[in-house]
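Visitor: I would like to go through this model with you. Shall we start where the chains meet?

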Amino acid sequence: MKIRVKAFASIKDILGFDEKELTVSDSISVSDVVALLEKCYPGLKTVQDALLYARNEEYCRVDTELADEDTLAIFPHVSGG
Amino acid sequence: MKKVIIQQEAIDVAKYSCQLGSDADGAVVTFTGRARNMSGDKAVEYLVYDIYNGMAINEMQRIVDEAMERWRLGSCLVVHRYGKLAIGETSVFIGVSSPHREESFASSRYIIDEIKHRAPIWKKEYYSDGSRWIEGQR
């Protein structure tokens, strides 16, 4: 299945992209995707404990399962205002 | 009136302020967040805000809905900038109105605190010798 990964702020710098489409196996979780990304982008490991996730524009947990055409956003703790 | 806006252009505080309130409202409270020239002991030259547009609108709308459920408000307007901000420019504007002042003070405080914790927006500070993403409290 296909998912779209979006990255923001410092995570965008670490991954080197702000949006990317990935082809992944069915029944994949957020943590599985992060593990896949860590293989290509080791810098992601250094901030693993500080990551937040959103599935289709809603905050989600790291054990959330993704579905075909989902958008997974990965970002650090927010600092707006 | 209930509205959430994100915009790249400068926030016209006077324009937004005069949209608030009705004859039933005895109080209007506005909060303006501004780009500060110091971060700790480092001089800041300018800021850049990154934003997850759709999710930020949804999350701020949810915060406004929560405030309007919790307090009796006549109007509620939230405007947040993104992109590059010069020092002194307004980064966020919150305006609320209510029959009595307590609701306006409490709700505006609630809204800015929740935005800082939940809205997917990130600030990057630029100094003369580099830059740094600011991460909020966990």
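Visitor: How much area do chain A and chain B bury between them?
Guide: Keep in mind that this is a predicted model. Carbon and sulfur atoms account for 54% of the buried area. The total buried between chain A and chain B is about 2,100 Å².

Visitor: How many residues does each chain bring to the contact?
Guide: On the chain A side, α1 (9-15), β4 (58-60) and β5 (71-76) each supply at least two residues. That side divides into nine nonpolar, six polar and five charged residues. The counts are 20 residues from chain A and 29 residues from chain B.

Visitor: Which residue of chain B forms a salt bridge with K12(A)?
Guide: The rule finds three salt bridges across the interface of chain A and chain B. In the one with K12(A), the closest N and O atoms are 3.2 Å apart. That is within the 4 Å cut-off. The partner is D50(B).

Visitor: Which element gives the most to the largest nonpolar core?
Guide: This core has 29 residues. The top contributor, with five residues, is α2(B).

Visitor: Which residues beyond its sequence neighbours does V78(B) contact?
Guide: V78(B) is among the residues with the most contacts inside the largest core. Neighbours within four places in sequence are left aside here. The contacts are K3(B), V4(B), I5(B), M60(B), V64(B), F93(B), I94(B), I111(B) and I115(B).

Key. Residues numbered from 1 in each chain as written. Chains lettered and ligands numbered in written order. Predicted model: local features only at pLDDT ≥ 70, side-chain atom pairs only at ≥ 80, totals over all residues. Heavy atoms only, no water. Core = buried A, V, L, I, M, F, W, Y, C linked by side-chain atoms within 4.5 Å. Buried < 20%, exposed > 50% of the residue type's maximum accessible area, 1.4 Å probe, protein only. Helix = DSSP H or I, 4+ residues; strand = E, 2+ residues; numbered from the N terminus. Contact = heavy atoms within 4.5 Å. Buried area = accessible area lost by both parts, 1.4 Å probe. Salt bridge = Lys/Arg side-chain N within 4 Å of Asp/Glu carboxyl O. Nonpolar A, V, L, I, M, F, W, Y, C, P; charged D, E, K, R; others polar.
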